[in-house]
Amino acid sequence: MIITKTPFRISFVGGGTDIIDYYKVDYGAVISATINKYMYITVNKRFDDSIRVSYSKTEIVDDVDELRHEIVKECLKLVGIKKGIEITSISDIPAGTGLGSSSSFTVGLINALFSYTGDHLSAKQMAELACKVEIDILKHPIGKQDQYAAAYGGINFFQFNKDETVFEEKIKFIDEDYKKMNRKLMMFWTGISRSADKILEKQKKNTKVKIENLNFMRNQVYELRNIIKTEGFTKKFGEMLHEGWLKKKEITNGISSNQIDQKYELARQAGAVGGKILGAGGGGFLLLYCDEENQSKVRKAIGLKEMNFRIEKYGSRVVYFE
């Protein structure tokens, strides 16, 4: 039996420039971090030759092509496993919340399946194969940042080049900055689940029209990286989240809503410096930068369920092997 533990991610700046429609023209970039919320994948040899997959549903089939779960089907075919296996998944957070759960599932499953066959993959290999499954094979209209964040873990700068290569650089914080980040970042559940694919399809169509917005968001990545290197984790982090969110909202309808805008403005009025809706937008979690003395006022003002979290330094890993 093998169990993998793969973190979810939060994206700070540059989200949307990791989509091929943007980076194939020049290059895209993001700064993101993984958090201590996880996707757990269990892989075990089955007594008979059938395939059992348990997620929100349970499937038992005799042939891999009979599986309805597309990601599981394609990952099994990729690895070359055709029978006699059982796969289960447990998630700390449901899908459709903007934390990259689908890609964490794919990365964690690839890690587990290759470990099951006796192979050890690097973070780069896991990310590349997850992108191959989700983007190349299944044609999901998503970017690359989620797969790379889940595989590498920690706080990272990723640059997505038009030749399909990806450059990764670990963002190095001193311990005090990690502590500040864990204290000052807040996350609230909007109560709205949504399909990222639908929003991203609209964004892809608007890429040329909103190229200036995307250029601004991409350039923020390099500005924030320089600020972090020279000044550490400061109030400017929150200010840049705010600036990026205003630009992102303009790309297409559905990224925000009146309800989300109202909650965000209430948070700002109560003392939050800035923030954004995580993921493609439209719902999910609201991330805020807020100094400690204003956090109780923000909680009271917006009235949303808060999710406590901290930054996770590790990417997908095997936590049980027998």
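**Where is the place of Glu-164?** Glu-164 sits in the loop between strand E6 (155–161) and E7. This is a predicted model, in which local features need pLDDT of at least 70, side-chain atom pairs count only at pLDDT 80 or more, and totals for chains, interfaces and linings use all residues. Residues are numbered from 1 along each chain as its sequence is written, and side-chain values use heavy atoms, with hydrogens and water left out.

**View 1. Glu-164 and Lys-139 have positive phi values.** Phi of Glu-164 is near 75°, a positive value in a residue other than glycine. The loop that holds Glu-164 lies between two strands, E6 and E7. Helices (H or I, at least four residues) and strands (E, at least two) are DSSP runs, numbered from the N terminus. Glu-164 is partly exposed, at 38% relative accessible area. Buried means under 20% relative accessible area, exposed means over 50%, and partly exposed lies in between (1.4 Å probe, protein chains only). Lys-139 is not a glycine, yet has a positive phi of about 60°. The loop between H4 and H5 holds Lys-139. Lys-139 counts as exposed, with 62% relative accessibility.

**View 2. Helices H4 and H5 cross at roughly 150°.** H4 covers residues 123–137 and H5 covers residues 145–152. Their axes come within 8 Å. Axes are lines fitted to C-alpha atoms, for helices over the stretch in contact, and angles run from 0 to 180 degrees between N-to-C directions. H4 and H5 are therefore roughly antiparallel to each other. Angles under 35 degrees count as roughly parallel, over 145 as roughly antiparallel, 65 to 115 as roughly perpendicular and the rest as oblique. The crossing of H4 and H5 is right-handed. A crossing is right-handed if the near helix is turned clockwise from the far one by less than a right angle, and left-handed if anticlockwise. On the H4 side, the contact is made by Ala-123, Lys-124, Met-126, Ala-127, Glu-128, Ala-130, Cys-131, Glu-134 and Ile-135. On the H5 side, it is made by Gln-147, Tyr-148, Ala-151 and Tyr-152. Contact means heavy atoms within 4.5 Å. By class, this contact has nine nonpolar, one polar and three charged residues. Ala, Val, Leu, Ile, Met, Phe, Trp, Tyr, Cys and Pro count as nonpolar, Asp, Glu, Lys and Arg as charged, and the others, Gly among them, as polar.

**View 3. Ala-151 is a buried residue of helix H5.** Its relative accessible area is 4%. Neighbours within four places in sequence are left aside here. Ala-151 is then in contact with Val-107, Ala-123, Met-126, Ala-127, Gly-315 and Ser-316. The C-alpha atoms of Ala-151 and Asp-261 are separated by 32 Å. These two residues are 110 residues apart along the chain.

**View 4. Helices H10 and H11 pack at an angle of about 150°.** H10 covers residues 258–269 and H11 covers residues 292–302. Their axes are 8 Å apart. That makes H10 roughly antiparallel to H11. The crossing of H10 and H11 is right-handed. Lys-263, Leu-266 and Ala-267 of H10 meet Val-298, Ala-301 and Ile-302 of H11. By class, the contact has five nonpolar, no polar and one charged residues.

**View 5. Glu-169 and Arg-225 meet in a salt bridge.** A salt bridge is a side-chain nitrogen of Lys or Arg within 4 Å of a carboxyl oxygen of Asp or Glu. For this pair, N to O is 3.2 Å. The pair links distant parts of the chain, 56 residues apart. Glu-169 is in strand E7 (residues 166–170), and Arg-225 is in helix H8 (residues 211–231). Arg-225 counts as buried, at 15% relative accessibility.

**View 6. Two further pairs form salt bridges.** The side chains of Asp-48 and Arg-46 meet at 3.5 Å, N to O. Asp-48 is partly exposed, at 36%, whereas Arg-46 counts as buried, at 18%. The side chains of Lys-236 and Glu-231 meet at 3.0 Å, N to O. Lys-236 is partly exposed, at 35%. Glu-231 is partly exposed, at 40%. Elsewhere, salt bridges that share partners join Glu-176, Arg-183, Lys-184, Asp-291 and Glu-292 into one network. A search of the whole structure finds 16 salt bridges.
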